[in-house]
Amino acid sequence: MNQIAFGTDGWRATLDTFTDDRVRIVGQAVADHLSAAGHDEPVAVGYDARETSEGFAESLAEVLAGNGFDVILPERDAPTPVIAHAIVARGLAGACMITASHNPPEYNGVKFIPDDGAPALPEVTEDIEARLAEPDLLPEAERGEVSRVDLVSDHADKAREVVGTALGGDDGDAVDLDGLTVAYDAMHGSGRGVTDALLESAGAAVVRLRCERDVTFGGDSPEPSAEHLDALAERVTDPESDVDLGIANDGDADRIAVVTPERGVLDANLFYAACYDRLLESDSGPAVRTVSTTFLVDRIAEAHGEEVYETPVGFKWVAEAMGEHDALFGGEESGGFTLRGHVREKDGVLMALLAAATHAAEPFDARVDRLLDEHGHIAAGKVSLDCPDDRKAGVLDELEDHIPESVCGSPVAKVVTLDGFKLLLENGSWLLVRPSGTEPKLRVYAEADSDEAVEELLAEGREIVEPLI
């Protein structure tokens, strides 16, 4: 059982470690956690498009039902946000999701989502870990029922309603994408037949790429980063193309990437800023962003008299802050976002609809150009440094004693310790060093007013950190 550990977003491992027996142990821990909290409502179990995911989901369902819970499974592999929405829409006790998200096909994982549909906070996952035990099932007659249910339709209805309302409409019909052509890349993941169908339901013409199930994801990781989206980028940026916008989801469709005709794969920081700017044209409210996400959001908020709340990296912290501050929009530079009025879980399906509607109102390239003209140019980047998990805390402890007085010639004005060390420089740039929550690495992030300045900051960040590892 010591090989089961819930990290930033559940437990993930390669399939030599992620076995059916261990999944059943997790199922028993979840059942005991829910019972101890007084829950007797049904539980959902979702799963992504990996070859092993449905079988693991059925094993989890068997254990949960064996502990007296009724269990609902989706009709097929489904996006994580569809499962999260079902919890709230159906009044469920919670859900388990079998997914390794953007990891390669030799991985799988499981996450628990509590009854509010938001990511589980550490006190929840720690309690589940403390309850890991071999399954102890009730007699057959006392077990719950397992059923298959359509969970996608309700989520699509809610997505249209939330986006329509946020953009100033009265109902789900307020989002009109008629005349817009979107190229959608599902990366062979669970967004296929879901995100593209939602866009079509709002009037968009959809060109589909990698919208067939492939349990190997084409031999690649279903990670919607620039190096994995060549075909989508070529289709959108081709001067002869009839496509207006490109959209991609990761393997479980909780994150989004957007491709524009002029910029190619749009930096998620700029995507965040553009969408928040569009939302503020029709609504008001603060934004929530992680410590690694752009200050351009802050500049836009200030221009509208709004606040921005900064959190550690990890969507669970974004979700918590959104609830505390009734935030209009929340997200992180890794591509996870959600809207007020929706489940507080990152939702790449919902965001695809918002992205298309934002582009229809004013093309992303034009909007981003305008925002940078109004608020100043920004560039961002990051690098990863190998660091064993058992060295991360020690490196950060040593780094506290090695904070420089200046970086790249600009004095350090303030040090933020919300998540690692973020050095705010007098010239408006910043440098962040923090431990990865999913890999044996330290992350170094930087933001400045040019790509060249970012590269210089990252290089100096490496020089500061590498001798300590």
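Does Asp365 count as buried or exposed?

Analyst: Asp365 counts as buried, at 5% relative accessibility. Buried means under 20% relative accessible area, exposed means over 50%, and partly exposed lies in between, with a 1.4 Å probe and protein chains only. The model is predicted, so local features need pLDDT of at least 70 and side-chain atom pairs count only at pLDDT 80 or more, while totals for chains, interfaces and linings use all residues. Residues are numbered from 1 along each chain as its sequence is written, and side-chain values use heavy atoms, with hydrogens and water left out.

Asp365 has a charged partner: it forms a salt bridge with Arg263, and the closest N and O atoms are 3.2 Å apart. Because Asp365 lies in helix H12 (residues 364-375) and Arg263 in the loop between strand E10 (256-260) and strand E11 (264-265), the pair ties together parts that are 102 residues apart in sequence. A salt bridge is a side-chain nitrogen of Lys or Arg within 4 Å of a carboxyl oxygen of Asp or Glu. Helices (H or I, at least four residues) and strands (E, at least two) are DSSP runs, numbered from the N terminus. While Asp365 is buried, Arg263 is partly exposed, with a relative accessible area of 29%.

The count comes to 40 salt bridges by this rule. Some are linked in a network, made of Asp277, Arg278, Glu281, Glu362, Arg367, Arg370 and Glu374.

Another pair is Lys382 and Glu333, whose side chains meet in a salt bridge at 3.7 Å, N to O. Lys382 lies in strand E16 and Glu333 in the loop between strand E14 (329-331) and strand E15 (337-339), so this pair ties together parts that are 49 residues apart in sequence. Lys382 is partly exposed, with a relative accessible area of 45%, and Glu333 counts as buried at 15%. Strand E16 covers residues 379-386 and also holds Ala380, which is partly exposed at 29%.

Asp389 and Lys392 both lie in helix H13 (residues 389-400), 3 residues apart, about one turn of the helix. Their side chains meet in a salt bridge at 2.9 Å, N to O. Here the acidic residue, Asp389, counts as exposed at 52% relative accessibility, and Lys392 is buried, with a relative accessible area of 9%.

Of its 14 residues, 12 are buried, so H11 is largely enclosed by the rest of the structure. Gly348, Val349, Met351 and His359 are among the buried ones. The expected span of a helix is 1.5 Å times one less than its number of residues. H11 should span 20 Å on that basis, and its end C-alpha atoms are 20 Å apart, which agrees.

Finally, two loop residues have a backbone feature to note. Met187 has a positive phi of about 55° although it is not a glycine, and it lies in the loop between strand E7 (181-185) and helix H6 (195-201). Met187 is buried, at 2% relative accessible area. Arg210, also not a glycine, has a positive phi near 50°, and its relative accessibility of 25% counts as partly exposed.
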